[in-house]
Amino acid sequence: MAARFLRRSLPALRQARCYAEAASGAPQMSFTFASPTQVFFNGANVKQVDVPTLTGAFGILPAHVPTLQVLRPGVVSVFTDDGPAAKYFVSSGSVTVNADSSVQLLVEEAAPLDELDIAAARANLEKAQSEMAATSDEAARAAVQISIDANEAIVKALE
């Protein structure tokens with residue numbers, strides 16, 4: 001029985017593995033980045049996008065393996081062909097990378113990094129930490145923990 005199975009699958013086993021074909025022309029990645037109140041990029045061609053996810057931060061380049069990830073509070077960096085990277089702080093959301101090299105970044109809240117105030121973030125962090133110490137209700141503690149996580153990420157991003 002096993003010999004008959006091996007004889008049938010032997011031609012498939014003899015096939016040589018090869019490298020993928022190189023993409024013709026410059027690699028392109030269509031990037032859409034939006035929150036409920038604002039669209040930052042809509043189908044823009046970008047070189048690279050770095051995102052913070054629950055499983056760790058990673059960079060997305062053209063022809064990236066398709067994936068779906070949940071974002072954590074942190075900095076999204078968008079690299080275009082011209083100038084320095086555009087940096088945005090995101091609170092949460094999702095990133096979808098498709099097989100056609102299109103990327104959708106949908107977030108709850110986002111702001112350009114240069115619009116954030118480190119003093120306000122530190123004050124909000126201290127307030128949330130004191131609220132956490134005084135709160136015993138689990139639902140309230142979860143809400144306060146979200147505030148702590150977001151403000152810690154803002155302070156880290158701006159330092």
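User: In which strand is the place of S102?

Analyst: The model is a predicted one. Its strand of residues 102-107 includes the place of S102. That strand is β9.

User: Is S102 buried or exposed?

Analyst: The relative accessible area of S102 is 11%. Buried means under 20% relative accessible area. Because its value is 11%, S102 is buried.

User: Which side chains make polar contacts with the side chain of S102?

Analyst: A polar contact of 2.9 Å links the side chain of S102 to that of N98. Another polar contact, of 2.6 Å, joins S102 to the side chain of D100. The side chains asked for are those of N98 and D100.

User: Leaving aside neighbours within four places in sequence, which residues is S102 in contact with?

Analyst: Neighbours within four places in sequence are left aside here. The contacts of S102 are then S30, T96 and V97.

User: Is E131 buried, partly exposed or exposed?

Analyst: E131 belongs to helix α2, residues 118-134. Its relative accessibility is 33%. Buried means under 20% and exposed over 50%, with partly exposed in between. Because its value is 33%, E131 counts as partly exposed.

User: How far apart in space are E131 and I148, C-alpha to C-alpha?

Analyst: In sequence, E131 and I148 are 17 residues apart. In space, their C-alpha to C-alpha distance is 9.9 Å.

User: Which element gives the most to the largest nonpolar core?

Analyst: This core has 21 residues, and F31, F33, V51, I60 and L105 touch the most other members. Elements that each supply at least two of its residues include β1, β2, β3 and β9. With three residues, the element that gives the most to this core is β9.

User: Which residues does I60 touch, not counting those up to four places away in sequence?

Analyst: Residues up to four places away in sequence are not counted. On that basis, I60 touches M29, K47, Q48, V49, D50, V51, V95, V97 and V103.

User: Which element gives the most to the lining of the largest pocket?

Analyst: The largest pocket holds about 250 Å³ of space. Two or more lining residues come from each of β6 and α3. With five residues, the element that gives the most to the lining is α3.

User: How many charged residues has the lining of the largest pocket?

Analyst: Among the lining residues are P52, R72, D149, E152 and K156. By class, the lining has six nonpolar residues and one polar residue. The number of charged residues in the lining is four.

Notes: Residues are numbered from 1 along each chain as its sequence is written. This is a predicted model: local features need pLDDT of at least 70, side-chain atom pairs count only at pLDDT 80 or more; totals for chains, interfaces and linings use all residues. Side-chain values use heavy atoms; hydrogens and water are left out. Helices (H or I, at least four residues) and strands (E, at least two) are DSSP runs, numbered from the N terminus. Buried means under 20% relative accessible area, exposed over 50%, partly exposed in between (1.4 Å probe, protein chains only). A polar contact is a pair of N or O atoms within 3.5 Å; within protein, one must be able to donate a hydrogen and the other to accept it, and residues adjacent in sequence count only if both atoms are side-chain atoms. Contact means heavy atoms within 4.5 Å. A nonpolar core is a set of buried Ala, Val, Leu, Ile, Met, Phe, Trp, Tyr and Cys residues joined through side-chain atoms within 4.5 Å. On a 1 Å grid over the protein atoms alone, a cavity is a set of points where a 1.4 Å probe fits but cannot get out, and a pocket is an open set with protein on both sides within 12 Å along at least five of seven lines; lining residues have an atom within 4 Å of a point. Grid points are joined across faces, edges and corners, and a volume is the space filled by probe spheres set on the points. Ala, Val, Leu, Ile, Met, Phe, Trp, Tyr, Cys and Pro count as nonpolar, Asp, Glu, Lys and Arg as charged, and the others, Gly among them, as polar.
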